[in-house]
Amino acid sequence: MKRDIIIIGGGIVGLCSAYFLQKSGRKVTIIDENDITDSTSFGNAGLLSAFDKSPLSYPGVVLNTLKLMLRGQSPAIIHPSFDIKVYKWLINFMLNANEKRTKKTMMLFEKYGEISLNLYEKMVNKDKLDFDFHRDGMLSVFTEDKSYNERLKKYDYIDEERFKILDKSELKEYLPSANSDKIKGAILFKKNARFDPGLTMIELKRHLIESGVEFILNEKIESIRVEAKEVKHLVSSKNNFYEAEHYIMSTGYQTILASKCNKDLMMTPAKGYSITFEMDKEFTPKVSTIFNDLFVVMTPRRNNVRFTSKLEIGSDDTSVVQKQIESIKKNFFEYNEKFEMRNEKYWTGFRPLTPNDIPLIGRDEDINNLTYAMGLGWLGMTFGPAVGTIINDLVVNDKKNAQSDDILMFSGFYQ
């Protein structure tokens with residue numbers, strides 16, 4: 001049976017692409033190697049950080065990371081590797097750590113972040129999807145004088161709709177656990193949002209099934225057959241053949257299928273961690289909080305709270321390393337009062353990172369019926385709906401990349 005559209009991968013980008021394609025009248029099949037209950041999208045912080053948040057590659061990141069390494073607080077770990085692609089990625093990452101690139105990236109973040117937040121709100125209000133969605137801002141906490149003063153220079157004006165610089169009493173209101181004697185400063189950025197990523201994935205999956213989207217789960221696509229500039233079929237680990245009019249590759253950090261299409265993606269898997277736990281209400285943060293100098297995010301949810309942190313490059317270890325869990329806690333509690341963390345649940349997974357935080361989206365230049373939707377890194381949840389609309393526009397209207405302003409602006413293939 002020849003299907004209409006097959007999406008390989010059921011992360012947030014795959015689900016959002018299916019959502020908009022289905023609304024455009026296309027018949028969509030999602031094939032995933034798991035059951036869509038514990039992917040990288042599930043381990044996300046839940047902070048939708050499109051506004052006033054620097055990309056990973058920013059001016060001074062290398063020196064700042066080295067300083068944190070010397071103090072034992074660095075979230076970044078680079079493992080020795082025999083893979084030359086890792087070192088090519090690192091070189092590109094450092095080359096992108098400049099003021100011009102950062103400014104351009106943040107402008108793109110705002111443009112497509114606003115689109116995504118509006119689309120999430122429509123899903124909640126129109127489709128009645130429960131995401132535990134709140135557009136109540138992001139608290140940026142600084143533990144270093146230098147980084148706080150540098151940020152203050154960029155916000156030396158008044159814009160009550162965008163941000164507010166907090167004094168110590170206001171900091172305690174938003175972050176009751178804060179040790180205000182150690183924290184150098186805090187700014188509340190008002191345009192960001194938060195939600196529960198796991199709940200969002202489950203709700204989207206349920207809605208798509210009810211809308212007629214076909215799910216083929218626990219089946220890994222291992223081979224892709226290309227003939228005469230077209231994908232002819234896919235072959236799964238169960239030796240099943242799948243044929244479609246169009247294919248969308250949304251395989252997260254995994255690039256094996258892309259390599260089989262002669263596509264060398266500038267992307268690397270970056271291992272991250274999350275700790276989900278319950279805590280007393282008196283210490284629960286009011287909004288999503290990011291400790292800028294520690295790369296720790298703390299997000300309140302309906303029934304619990306989540307920490308996310310760490311960035312391991314060059315690792316292929318899929319297990320939770322307890323030393324990393326303890327490091328996250330140690331870094332956090334150095335600047336916060338102690339509280340009880342109950343019913344802790346640990347998660348680890350790999351984020352598909354590009355060297356400039358710009359996703360790899362767009363039509364394959366040589367294979368007519370193949371589109372990529374990859375490389376969202378730690379921002380998959382933030383930009384999922386916006387990327388879904390871009391993919392939908394390309395496929396439904398049969399556009400080439402050059403005919404899409406969004407692809408030319410927001411695809412790493414053209415940046």
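**Cavity**

By class, the largest cavity is lined by 5 nonpolar, 3 polar and 1 charged residues (Ala, Val, Leu, Ile, Met, Phe, Trp, Tyr, Cys and Pro count as nonpolar, Asp, Glu, Lys and Arg as charged, the others as polar). The model is predicted: local features need pLDDT of at least 70 and side-chain atom pairs pLDDT 80 or more, while totals for chains, interfaces and linings use all residues. Residues are numbered from 1 along each chain, and side-chain values use heavy atoms, without hydrogens or water.

The lining consists of Leu 56, Ser 57, Trp 89 and Phe 93, together with Leu 353, Thr 354, Pro 355, Asn 356 and Asp 357. The volume of this cavity is about 30 Å³, and the whole structure holds 1 cavity of 30 Å³ or more (on a 1 Å grid, points where a 1.4 Å probe fits but cannot get out; lining atoms lie within 4 Å of a point).

**Helices 1 and 7**

Helix 1 (residues 12–23) packs with helix 7 (residues 197–210) at an angle of about 35°, and their axes are 10 Å apart (axes are fitted to C-alpha atoms, angles run from 0 to 180 degrees). Helix 1 contributes Ile 12, Leu 15, Cys 16, Ala 18 and Tyr 19, which meet Met 201, Leu 204, Lys 205, His 207 and Leu 208 of helix 7 (heavy atoms within 4.5 Å). This contact has 8 nonpolar, 1 polar and 1 charged residues.

**Overall form**

The protein chain has 11 helices and 19 strands (DSSP runs of at least four and at least two residues, respectively). Its radius of gyration is 21 Å, close to the 22 Å that the globule rule gives for 415 residues, so the chain is as compact as a globular protein of that length (C-alpha atoms; 2.2 Å times the number of residues to the power 0.38). Along the principal axes, the C-alpha atoms fill a box of roughly 65 × 45 × 40 Å.

Key. 1 Å grid on protein atoms, 1.4 Å probe; cavity = no way out; pocket = protein on both sides within 12 Å on 5 of 7 lines; lining within 4 Å. Points joined across faces, edges and corners; volume = space filled by probe spheres on them.
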